[in-house]
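Here is a short note to read alongside the coordinates.

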Amino acid sequence: MGPTQKPNVCRRLSRRALGCFSRDAGVVQRTNLGILRALVCQESTKFKNVWTTHSKSPIAYERGRIYFDNYRCCVSSVASEPRKLYEMPKCSRSEKIEDALLWECPVILELGHSSRSHCSQVSSEQRLSIGPAGRHSAACFAVPCGIPCSTFFTHRNFGDQQKCDIYLSPQIFGNVTDATLSHGILIVMYSSGLVRLYSFQAITEQFMQQRLDLGYACRWGGTTGTVGEAPFGIPCNIKITDMPPILFEVSSLENAFQIGGHPWHYIITPNKKKQKGVFHICALKDNSLAKNGIQEMECCSLESDWIYFHPDASGRIIHVGPNQVKVLKLSEVENSSTQHQISEDFVIFANREKNENENLFTVTASGRVVKKSFDLLDDDPEQETFKSVDYEDELDLLSVVAVTQIDAEGKAHLDFHCNEYGTLLKSIPLVESWDVTYSHEVYFDRDLVLHIEQKPSRVFSCYVYQMVCDPGEEEEITNRNCEKE
């Protein structure tokens with residue numbers, strides 16, 4: 001490279017694939033995220049409400065982008081103040097946007113290979129319109145009015161390039177109540193509680209009629225068009241004519257079923273109503289129950305507790321109740337490499353004071369003095385109650401939303417906990433009131449906090465918070481992290 005030539009970004013990005021370098025893109029990225037985590041968690045850092053908006057249509061958020069008007073309008077939340085990125089044309093009166101597939105792709109360098117991306121696509125009479133091109137684009141389903149959509153399900157997987165809208169024929173799969181596609185596995189659910197797993201790769205290999213390339217010309221059914229663009233859309237190129245092989249099936253209450261852990265385990269609730277709130281953790285290979293594998297949180301609440309495998313790929317399990325968050329770990333039983341056990345890694349407790357009104361004395365009609373014992377519900381609004389738990393993978397932080405009803409107004413705060421030990425590192429108060437009867441979603445994404453609220457009469461509100469820190473402390477933390485390298 002000559003002295004006047006500019007650095008080649010492709011060469012620099014591809015260095016990481018050739019081996020470990022002290023200043024490769026991965027090291028720089030991890031260093032920057034370490035600095036950001038320190039800035040987020042330091043005491044003087046504040047999160048300021050920089051933008052609030054309201055809408056009559058649902059509001060959605062994904063990876064720094066806020067979507068309005070059924071994904072027709074896209075706003076970036078990355079800048080100091082949200083700004084509109086694009087707005088797609090309105091649908092005709094005979095159509096409406098039914099759903100959207102959000103597609104993102106990392107920088108992929110395939111030296112010596114074609115960069116043309118192949119994508120197996122499945123749809124029916126629906127037209128799929130791809131939004132403006134870029135790293136993160138929205139694909140919106142514009143469906144002719146009057147066509148029922150209950151027989152279709154949408155697959156959203158941001159980590160791969162496959163996006164599908166699949167019709168499950170009752171003649172082949174029976175009366176399906178719900179279905180989803182995750183990590184190459186088609187999961188089909190039935191009203192009886194039965195859950196069945198199929199290999200989606202095997203389905204595409206057996207039943208794909210024609211391979212499609214997004215953005216390229218295609219001839220289908222006597223018509224030629226560009227795949228993914230209106231009005232051609234994405235043809236239904238997979239037609240399932242026979243029952244595919246069943247990989248695994250199990251029965252669970254309300255179809256509650258999850259797979260994760262190392263080695264593979266699954267979580268179900270026994271298919272009986274009286275077992276609601278009881279979770280069984282079993283080995284996938286032989287269905288054996290793990291030691292201490294029956295998890296039941298001792299709580300009395302209107303809303304059920306919930307459990308799921310930790311999204312950090314550690315194989316741990318998160319069990320959330322109204323007043324505590326348990327992080328459980330899966331490990332081998334001592335002197336046995338085949339059996340595994342469940343144990344507590346750490347527990348996060350809600351900040352509650354002991355109720356002074358408990359165990360009051362009362363006088364009966366006969367004059368006897370007796371002790372009267374009563375307990376509040378564990379999710380009583382006057383006590384701090386956990387509403388959601390999420391994981392910020394880039395900063396390695398657990399974010400927990402806790403709410404307390406004070407008089408007629410609810411107040412919420414978002415707490416950041418160390419993902420490894422559960423230590424409380426930061427607490428951020430939300431300035432807007434929190435009505436526990438409304439539907440809420442809270443997102444924590446790097447230096448951004450976003451709260452979406454659905455009020456009665458389909459009124460949606462969006463509150464955007466951004467990190468504000470002292471420039472002097474920011475420089476000090478940056479220098480300190482640079483000195484560690």
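1. Confidence. pLDDT is the predictor's confidence in each residue, on a scale from 0 to 100. The model is predicted. Its mean pLDDT is 79. Of the residues, 73% reach 70 or more.

2. Cysteines. How many disulfides does a search of the whole structure find? The count is 0. Take Cys 74: the closest cysteine sulfur belongs to Cys 73 and lies 7.3 Å away, too far for a bond. The cut-off for a disulfide is 2.5 Å between sulfur atoms. Cys 74 is buried, at 0% relative accessible area. Cys 418 is in no disulfide either. For Cys 418 the nearest cysteine sulfur is that of Cys 41, at 9.0 Å. Cys 418 is buried too, with a relative accessible area of 11%.

3. Core. In soluble globular proteins, nonpolar side chains tend to be buried together. Here the largest nonpolar core has 24 residues. Those touching the most other members are Val 40, Phe 47, Phe 416, Phe 444 and Val 449. Several elements each supply at least two residues: helix H2 (25-41) and strands S28 (397-406), S29 (409-418), S31 (439-445) and S33 (459-468). Helix H2 gives the most, with 6 residues.

4. Phe 444. Which residues does Phe 444 touch, leaving aside those up to four places away in sequence? Among them are Val 40, Phe 416 and Val 449. The list also includes Leu 395, Leu 397 and Leu 414. Glu 392 and Ser 399 complete it.

5. Sheet. An open sheet of 4 strands has the order S1-S33-S32-S31, with antiparallel pairing. Why do S1 (46-55) and S31 count as edges? Each has a single partner strand, so one side of each is left without a neighbour in the sheet. Ignoring direction, neighbouring strands are turned by 15 degrees against each other on average.

6. The S32-S33 pair. Strand S32 covers residues 448-455. S32 and S33 run antiparallel and are joined by 8 bridges.

Technical notes: Residues numbered from 1 in each chain as written. Predicted model: local features only at pLDDT ≥ 70, side-chain atom pairs only at ≥ 80, totals over all residues. Heavy atoms only, no water. Buried < 20%, exposed > 50% of the residue type's maximum accessible area, 1.4 Å probe, protein only. Core = buried A, V, L, I, M, F, W, Y, C linked by side-chain atoms within 4.5 Å. Contact = heavy atoms within 4.5 Å. Pairing = 2+ DSSP bridges. Axes fitted to C-alpha atoms, helices over the stretch in contact; angles between N-to-C directions.
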